[in-house]
Every structure is written in C-alpha cells, then in structure tokens.
Amino acid sequence: MLTFPPPGAAGIVAKFAEDAGWDGVVFADTQNLAADVYGSLCLAAASTSTLLLGTGVTNPVTRHPAVTASAIATVQAAAGGRTVLGLGRGDSSLAHIGRDPERVAAFEAYLVRVQGYLRGEAVDLGDGVTSRNEWIGTNGLPKVPVDVAATGPRVIGIGACLAERVTFAVGAEPERVAAAIATARRARESAGLDPMGVSLGAYVNVVAHPDVAQARAMVRGGLGSFAHFSGMPGAPEQSGPDAAVYGALTDGYDMAHHGSVAATHQAFLPDEFVDRFGVVGDRKSTRLNSSH
C-alpha cells in the first residue's frame, strides 16, 4: 500500500495495514505535502512486527546519498530488517522546490553511491574525496535492498543492473508491463548479468467498488500521479495512441493536489483510459483484470 505519511500518525496507519492483511506499506517522500518519510517509517516500525516498510519513493536531490543511506539503515534497525529503499528521479518533492526530475545520468551516479554506502563500502564522491558510513552493517542486519521506480527504458535498465528491485510505473495494461519486463531483462543480459537476477514489480492503482463510476472517481487522483510520468520529456508514449492524454497531464498537472482526489488533472483522464491504466470496478471484475 502506497500512501502519504500523516504527521504523527504513521504508526496508526501502519498498524491498520498490518491488521488488515497488507504485506507492506511504502510512504511517499514529499516534504511539502506530507510528514518526513524516515521519521514516519520509524514510527511505523515501532507499531508493527511483520509489515514490510519502505520509501515510495525518495529522490536523489533533497538528501546526500550518505544521508539517505544512514536514514534508511536507521529504519532497518528499528524494523529488524523489514525495510526497502524506493528511489526515483523525483517528482512532487522536487516540483515544490522549483526543481525538475533529476537527469538520468545523475540519478545513476546517485544510485551507485547510495548502494555503496548501504554495502558499507568506501564511496568515491569525486575530486579525490572518498566516504564511508562506519556503522551500517555492524548490527548483523541484511543490507537494505534498493527498489528503483521506473517508467522509461533508460531508468528501467539502470535499475535492473544496479538495484535489487525495479518497480514499473507504467499502469496495469499487460502489454505495457510485459514490455517493461522485457526491457529490464535485456538490460541485464547486455551487462552480462543473469536476466532473472532482479525482482520486478509494478505500481498499479486499484479500486474495487460495486459502482464502476464511483470506482473511477476514487482512483483518478492517484492514477493521474502515475500516468503523468509517461508524458514527461523523452517518454516513448508521447507518440502513441494515448499521447493526447499524457500531453494534457504534462501541461496541466495539478502538483498542489498530487495524488489527491481533488486534483484538477482528473479532467484529462477519460473513462476508457482509466479502465486500462488502472484496475477498477466490482470485486469480480477487478479480480479478472488483475489476473492478466
């Protein structure tokens, strides 16, 4: 379950999720819209015993890689090894401080460095400076796995080769998910790596409701926050059949209501697109759609 961490109440949210049968919760790192992600994850760790916990996702700009590694390793210690670091190029967290998503090359360099810190290695920061986190790995807990959130082929390839996990933000259509999987496998093969040696997943917006119109209304806010990644500069979908939808999201995205049902960009999402990009409807139809 992906959600924004509410100030002071992340432990309550996490306990609810664990009691309801969720396997894990990831909190978005978006400092202008929600509470601090790492403090919230520590509250969640203290309130749960089995729930997996992670960032969904943090970015390579607002924190130095040494700071990010230390923060997520602190959560790992509090949770007894139930933690994952979700990392992307940055979206609402950067938009609210006047920054664009990080360049792909810089994102790759950040990923290399944060992985080095998490492995307890000496990290080359350039200009003859090396740095090591002296306490990570001294408590007997496993290394925190890194999960790269990816939409385009370059970031998918980087994540597949450098991270333990890749989670696709391409919607629910089987063809798009299959293409993303193939991209990840090819990238690993080209790098001389086992193509099956990385865990792959997908962010999918799901609402089950007996009234499909209500389900669409409930899912649109969150669905738009993932769909607009496909309209960013360089995304291959800019010339596809949904180019008009992605273009409208890019031009008119309501960053002030990122992920919210109040977002004005919902108007750019036709029912037919929502039904393909997400999974909506009654319990029977959502089961059938998810089985694809």
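Predicted model: local features only at pLDDT ≥ 70, side-chain atom pairs only at ≥ 80, totals over all residues.
**Ground rules.** I number residues from 1 along each chain as its sequence is written, and side-chain values use heavy atoms, with hydrogens and water left out. Local features need pLDDT of at least 70 and side-chain atom pairs count only at pLDDT 80 or more, while totals for chains, interfaces and linings use all residues.

Buried means under 20% relative accessible area, exposed over 50%, partly exposed in between (1.4 Å probe, protein chains only). This core has 45 residues, of which Y38, L41, I72, L85 and L118 touch the most other members. Helix α5 (residues 104-118) gives the most to it, seven residues; helices are DSSP runs of H or I, at least four residues, numbered from the N terminus. Apart from this core lies another, of 17 residues, including A215 and F277.

I then checked Y38. Leaving aside neighbours within four places in sequence, Y38 is in contact with T55, T58, R63, T68, A71, I72, V75 and L85 (heavy atoms within 4.5 Å).

**Aromatic pairs.** I found four, counting Phe, Tyr and Trp (six-membered) rings with centres within 6.5 Å; planes under 30 degrees apart are stacked, over 60 edge-to-face, the rest tilted. Y246 and F273 pair edge-to-face, at 5.6 Å centre to centre and 80° between the planes. Y246 lies in helix α9 and F273 in helix α10, so the pair ties together parts 27 residues apart in sequence. Y246 is buried at 2% relative accessibility, and F273 is buried at 1%. Ring pairs also link Y203, F226 and F229 into a cluster.

Conventions:
Core = buried A, V, L, I, M, F, W, Y, C linked by side-chain atoms within 4.5 Å. Helix = DSSP H or I, 4+ residues; strand = E, 2+ residues; numbered from the N terminus.
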